[in-house]
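Open the model in your viewer and keep the sequence panel beside it.

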Amino acid sequence: MDDLTISNPEYVWLGLAALLALAELFVPGVFLIWVAAAAAVAGILSLFIDLTVAGQLTVFGLSTILAVLGGRRWYLTHDVESENPLLNNRSAQLVGRTVTIVEAISATSGRAKVADGEWPAKGPDMKKGAIAKIAAVEGGVLRLEPLEDPVQLDSKPIS
């Protein structure tokens, strides 16, 4: 095995590239793929140019830097579409939902029951037990609007 790695380092680099690309599939983070590309560049160059170990490591290091910076730049300039853009934004998911007031609401304070928890809330004056609609979430505080039309209760219930 040692003869293979010494006499054919390109296979080591290409094998490393394949392993890193495979690892990206199991541990997605969009980072290992760029390192895999750099290993592939080092392997392909080793096929055509007889590089020393130091030369191969230099090519790999420089290729890694260029690939990671290029990948970062690409992701910053190209928006990645999501089926659920609010997936990691819990407060934005609450907008439009109905809640029950558990502590009287005023312009500066109050609390509302959201699912199985309570959130601080503010809005127009509402009494305990009233039903309200979440208009916005500002810094972890619900901004509520009173619900006067019972038909609106069916819109986006909290589950």
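Select Thr 64 and show its surroundings. Leaving out residues up to four places away in sequence, Thr 64 touches Val 35 and Ala 38; contact means heavy atoms within 4.5 Å. This is a predicted model: local features need pLDDT of at least 70, side-chain atom pairs count only at pLDDT 80 or more, and totals for chains, interfaces and linings use all residues. Residues are numbered from 1 along each chain as its sequence is written, and side-chain values use heavy atoms, with hydrogens and water left out.

Stay on Thr 64. The residue is buried, at a relative accessible area of 17%; buried means under 20%, exposed over 50%, partly exposed in between (1.4 Å probe, protein chains only). Thr 64 lies in helix H4, residues 53-77. Helices (H or I, at least four residues) and strands (E, at least two) are DSSP runs, numbered from the N terminus.

Zoom out to the chain. Five helices and five strands make up its elements, in the order α-α-α-α-α-β-β-β-β-β. Of its 159 residues, 25% count as buried.

Now select strands E4 (residues 131-138) and E5. Six bridges join them, and they run antiparallel; strands pair if DSSP finds at least two bridges between them. Click Ala 132: its bridge partner in E5 is Pro 146. Which residue in the hairpin turn has a positive phi? Gly 139, at about 60°; two residues separate E4 and E5.

Finish at Lys 122, which stands opposite Arg 143 in E5.
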